[in-house]
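Subject: Structure handover

Hello,

Please find the structure below, followed by notes on what was found in it.

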Amino acid sequence: MVLNAKQSEFIHMLMYETPGGLRFTQDSPILPSVWMAFAEAPHSQQELILTMRHNQGSSKAAAVLRNMLTHLRKQMRTADEQRGFQRENARVSYIPGQIAVRLHFDEMMRVVLPLTPWWHDTYDALRKLEREFGPEISAHWLPFPQPHNPLDQKSEFAWKYKRSDDLAEAMMLMRHKTSYEQQEELKKNQKAGAVEQLRQNYLNAIPSDLAWMARVGGIMADAFFNPDYQGFLTDENSLSANMAKEFANRELSAIESFDKKTARQKSRVEQLAPGELRGKIAEAFVSLYKDWAPAEKFPGQRMIWQITKNRPVFLAVENSSKTVKADAAAQVFDISCKNITWAVLDSGIDRNHRAFKLTTQEHETNVRRKHGKDGKPCAELSVDKLDSRIVKTLDFTRLRELLDFGIEINVRSRKLSQHRDDIVSRIAKNIADREGIPKRTAKTKAKNLIINLRQRIHDGQQIDWQDLEPAIVIEKPDPPTNDHGTHVAGILAADWIEDIETETIRKLPLHDRVRRMRGICPDINLIDVRVFREDGLTDEFELLAAIQYLRWMNMRAGTMQVHGANLSLSLIHEVRRFACGQTPVCKECDEASAHGMVMVAAAGNHGYQMDSAGGISADDQYRTVSITDPGNAQKVITVGATHRKRPHEYGVSYFSSRGPTGDGRMKPDLVAPGEKISGPVLNGRAGFKDGTSMAAPHVSGVAAMLMARYSELIAKPDQIKDILCDTATDLGRERYFQGHGLVDALRAMQSI
């Protein structure tokens, strides 16, 4: 279900309405995008990323999560069957600092929320009520969250009130906060007896953010447990419809007549009084925790800091090297990037394309490096047998499947067995290709790897990237089905020589070779990092894992094995719901930069809004604040697009995303050619593509040239970014459009 404008407005008001609502949303560990996702599909699972609290291991948290999910699903089995509800596999997978999981709404509220600091801070605040007002008033909060009636004590408070009553009245206080109605109520309470005055003080002491959580969570819970529920603001769901009606009534002018108000309130749904409405919402929230998970079985731990959506990632889609003066810089400074390695996180690179082949001479040098001086490569080699400058291929497209063996909830054994066999076969083939051993032996090794991996997951042990290398590092990769990554890599690194043998005999310098196509760095080494599936999509978790792995490669080697990474991809940044530059992928990119890697990202292609069919409409318009993640990260070099040949005349491309960032920082950092850029595509051909995806590898190439020429800049990404920005060519456009200007390789070299 996709929410219409009216429904989206209601959800927005539900989260942000009342004084302090925005603060409650920001303080909540559950980000608004998660609430919105469950609002759109209350009965469906959502792909979530759980970010660990500082110094908390994701392996331990994943083990606790699996145990609690198993217990919950067994406990809910009968109730689920009665309402015809079927739970799908939760797919708990983890990497250092992050857990990816698919959860239903009640699982998030019952299992994940109690593992956050917010939960424990709220519990601490409720414990203070007992000390301040006495156990006879507040004992029904303990233990929290399980609804629990106090012991039979001789007090007029003992059985008169329950937890849902307190929450409902706390919501009413939050509703009237700082309003005239609240002031009038306080005056009445002053005249009331001591008992009522004491209760009023007690209700005011209940944490307001708990009342806010009960309001949002209660309406969501009512939707989740109602099998007939079709959507927000429908007759099937009276709670959301009544709350929306109340919001609308509050916006009526104070001078509006009673008759007009009454007319607006007419509806097929009978309107509930505010107190009665909040009572039902509070009961729905409390029902989430009825008879669930006693504290002695699952002791609370402050493990999880934040719950976010596992966002989908999209591809950010004549000789342009002349436009950025890369050809001039290469000739003037005689630059070779053969000792620089760049990762391309994308859909995959066709390593058999001529654009990435070594010459015969370079191939023989490689063979001798591997086998010593006695290595005697064949004098005549076909192009297909020549080495490629793609030194390693990493596949993260099936990482979730590999890490998912630790949980088998509601998965049929036959399906799980087939799932295992497929992964074992894939790993076995890779082991056989890499080690040159028989397939049977390789299959045994693959099975042992899976058994050991699964045992580590079950034991809650941290997974080391070295454990996953046989499944991630692909020795003989298949050609990709999407040509985006091949095209991006070609802009950075193509050296397409039609007659390789002749060029080898002539032994011409790198910049003098006769080529069909030349990238910015025609002899740079590439790492093909595959994060996009065949459908051209991936998830944020796979992207996080890939960046972490590259960082681990450098840490393991103790030197810069990967000097930089190109991310020609885009995650939509919802400026109202995420702290800009603080999303998981932005933080991971900043962390990689802090460890010495140059991170270059496309700004995104959301600079202009138009009809999806490509037609002209009066509603078409340019967009500001349209930079996408990971381009919003502070340390990333964010690249917009300009014309491939005439940037001064045409300026910034209409589609190129523009700044500022959602929190007011200057972005993009630079622009580079991104219109009708020629590059290699599948099946040995060339093609043209547009987008900031094409602009980013130009900047990656210039950054690599700087490190190749001045080795002291290696592992200093901040300094490289400053050099590129300070020496860029001003196109005379607005700062939020062009950044510092057009990247200029020659001027960057001359500045040092």
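In which loop is Arg91 found? Arg91 sits in the loop between helix 4 (58–82) and strand 2 (93–95). Please keep in mind that this is a predicted model.

Backbone geometry

Arg91 has a phi near 50°, a positive value in a residue other than glycine. Asp334 also is not a glycine and has a positive phi of about 50°. Its place is the loop between helix 16 and strand 6 (341–346), and at 58% relative accessibility Asp334 counts as exposed.

Two cis peptide bonds can be noted. One joins Asp629 and Pro630, with omega about 5°; Pro630 lies in the loop between strand 16 and strand 17. Another joins Lys667 and Pro668, with omega about 0°; Pro668 belongs to the loop between helix 26 (647–650) and strand 18 (670–673).

Salt bridges

The count of salt bridges comes to 25.

Asp744 and Lys325 form a salt bridge through their side chains, with an N to O distance of 2.9 Å. This pair links distant parts of the chain, 419 residues apart: Asp744 is in the loop between helix 29 (735–738) and helix 30 (745–750), and Lys325 is in the loop between helix 15 (320–323) and helix 16 (326–333). Asp744 has 2% relative accessibility and so counts as buried, whereas Lys325, with a relative accessible area of 31%, is partly exposed.

The side chains of Arg556 and Glu469 also meet in a salt bridge, at 3.0 Å from N to O. Because Arg556 lies in helix 24 (residues 540–557) and Glu469 in helix 21 (residues 465–472), the pair ties together parts that are 87 residues apart in sequence. Arg556 counts as partly exposed at 42% relative accessibility, while Glu469 counts as buried at 13%.

In the salt bridge between Asp718 and Lys635, the closest N and O atoms are 3.3 Å apart. Asp718 is in helix 28 (residues 717–726) and Lys635 in the loop between strand 16 (621–622) and strand 17 (637–642), so parts that are 83 residues apart in sequence are tied together. Asp718 is partly exposed, with a relative accessible area of 38%, and Lys635 counts as partly exposed at 30% relative accessibility.

There is also a network: salt bridges that share partners join Arg73, Asp80, Arg87, Asp106, Glu107 and Arg110.

Helices

Helix 14 (residues 274–287) has 14 residues and reaches 20 Å from its first C-alpha to its last, close to the 20 Å expected at 1.5 Å a residue. Its buried residues include Leu277, Arg278, Ile281, Ala282, Ala284 and Phe285. An α-helix has 3.6 residues a turn, so residues three or four places apart point the same way.

Helix 22 (residues 484–493) is mostly covered, with 10 of its 10 residues buried. Among them are His484, His487, Ile491 and Leu492.

A buried aspartate

Asp528 is part of strand 10 (residues 525–530). At 0% relative accessibility, Asp528 counts as buried. Its side chain reaches the backbone nitrogen of Ile349 at 3.0 Å. Apart from neighbours within four places in sequence, Asp528 is in contact with Val344, Gly348, Ile349, Ile390, Lys392, Thr393 and Leu394.

Regards

Conventions
Residues are numbered from 1 along each chain as its sequence is written. This is a predicted model: local features need pLDDT of at least 70, side-chain atom pairs count only at pLDDT 80 or more; totals for chains, interfaces and linings use all residues. Side-chain values use heavy atoms; hydrogens and water are left out. A salt bridge is a side-chain nitrogen of Lys or Arg within 4 Å of a carboxyl oxygen of Asp or Glu. Helices (H or I, at least four residues) and strands (E, at least two) are DSSP runs, numbered from the N terminus. Buried means under 20% relative accessible area, exposed over 50%, partly exposed in between (1.4 Å probe, protein chains only). The expected span of a helix is 1.5 Å times one less than its number of residues. A polar contact is a pair of N or O atoms within 3.5 Å; within protein, one must be able to donate a hydrogen and the other to accept it, and residues adjacent in sequence count only if both atoms are side-chain atoms. Contact means heavy atoms within 4.5 Å.
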